[in-house]
Amino acid sequence: MVNFKSLKETFNPNAQESTGIIDEVKEDLDCGCGNLSYATRLKGFVGCFILGIGLSVVAYVMVFLQKFTLFGVFYSFGTLTAITSSFFLVGPMKQAKNMFAEKRLIATIVALVAIALTLCAALWWKKGGLVIVFALFQFLAMSWYALSYIPFARNAVKSCASSCV
């Protein structure tokens, strides 16, 4: 019978032996967040996510005040802040890989384009109606993106939508 350890050392003498799930967890925790502890990263995630939600809430207030430019800016930055909060958990590179994975690619691209268009409509074109439309696209794309992390959620939404139509 072939001894896997000796075979591994033969082909890669510098390889360190893995002790199992502990090393996998440590590797997952080493997310490119420097020397931040897991507790610090969790606090960063929660703080950044709450800031993103807060910016979105301020954006909704701006709609009632009919300040569509401010709505577009606050809503877009709220969305971006909420997205980047996950950098604290998995690291920026892994999050980017997750975002641009095949099953999330379209939702990610639509969301990023919608964010850019929302900001353009708010800051350059100054068209309140377009700001609202692009913010709606942002919301829908981000919702579809978030559903991709829940097993079978997209299928359930598709099934529900098709039965309603």
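The residues lining the largest pocket divide into 14 nonpolar, nine polar and one charged. The model described here is predicted. In it, the largest pocket has a volume of about 560 Å³, and helices α3, α4 and α8 are among those that supply at least two residues each to its lining.

**Largest pocket**

- The lining comprises 24 residues, and Phe 49, Ala 82, Ile 83, Met 142 and Ala 146 are those that lie nearest the centre of the pocket.
- At least two lining residues come from each of α3 (38–64), α4 (68–85), α5 (87–90), α6 (92–99) and α8.

**α3 with α4**

- The axes of α3 and α4 are 7 Å apart, and the two helices pack at an angle of about 165 degrees.
- Because that angle exceeds the 145-degree limit, α3 is roughly antiparallel to α4.
- α3 and α4 cross in a left-handed sense.
- On the α3 side, the contact is made by Phe 45, Cys 48, Phe 49, Leu 51, Gly 52, Leu 55, Ser 56, Val 58, Ala 59, Tyr 60, Met 62 and Val 63.
- On the α4 side, the residues of this contact include Phe 68, Phe 71, Phe 74, Phe 77 and Ala 82.
- By class, the contact of α3 with α4 has 17 nonpolar, seven polar and no charged residues.

**α4 with α8**

- The axes of α4 and α8 cross at roughly 15 degrees and come within 9 Å.
- α4 is therefore roughly parallel to α8.
- The crossing of this pair, α4 and α8, is left-handed.
- Phe 68, Phe 71, Gly 72, Tyr 75, Ser 76, Thr 79 and Ile 83 of α4 meet Gly 128, Val 131, Ile 132, Ala 135, Gln 138, Phe 139 and Met 142 of α8.
- The contact of α4 with α8 divides into nine nonpolar, five polar and no charged residues.

**α7 with α8**

- Helix α7 (residues 105–125) and helix α8 (residues 128–147) have axes that come within 8 Å and cross at roughly 160 degrees.
- This angle makes α7 roughly antiparallel to α8.
- α7 passes α8 in a left-handed crossing.
- Residues of α7 in the contact include Ala 107, Val 110, Ala 114, Leu 117, Ala 121 and Trp 125.
- The residues that they meet in α8 include Leu 130, Val 131, Phe 134, Phe 137, Met 142, Trp 144 and Tyr 145.
- Between α7 and α8, the contact has 18 nonpolar, three polar and no charged residues.

Note on methods:
Residues are numbered from 1 along each chain as its sequence is written. This is a predicted model: local features need pLDDT of at least 70, side-chain atom pairs count only at pLDDT 80 or more; totals for chains, interfaces and linings use all residues. Side-chain values use heavy atoms; hydrogens and water are left out. Axes are lines fitted to C-alpha atoms, for helices over the stretch in contact, and angles run from 0 to 180 degrees between N-to-C directions. Helices (H or I, at least four residues) and strands (E, at least two) are DSSP runs, numbered from the N terminus. Angles under 35 degrees count as roughly parallel, over 145 as roughly antiparallel, 65 to 115 as roughly perpendicular and the rest as oblique. A crossing is left-handed if the near helix is turned anticlockwise from the far one by less than a right angle, and right-handed if clockwise. Contact means heavy atoms within 4.5 Å. Ala, Val, Leu, Ile, Met, Phe, Trp, Tyr, Cys and Pro count as nonpolar, Asp, Glu, Lys and Arg as charged, and the others, Gly among them, as polar. On a 1 Å grid over the protein atoms alone, a cavity is a set of points where a 1.4 Å probe fits but cannot get out, and a pocket is an open set with protein on both sides within 12 Å along at least five of seven lines; lining residues have an atom within 4 Å of a point. Grid points are joined across faces, edges and corners, and a volume is the space filled by probe spheres set on the points.
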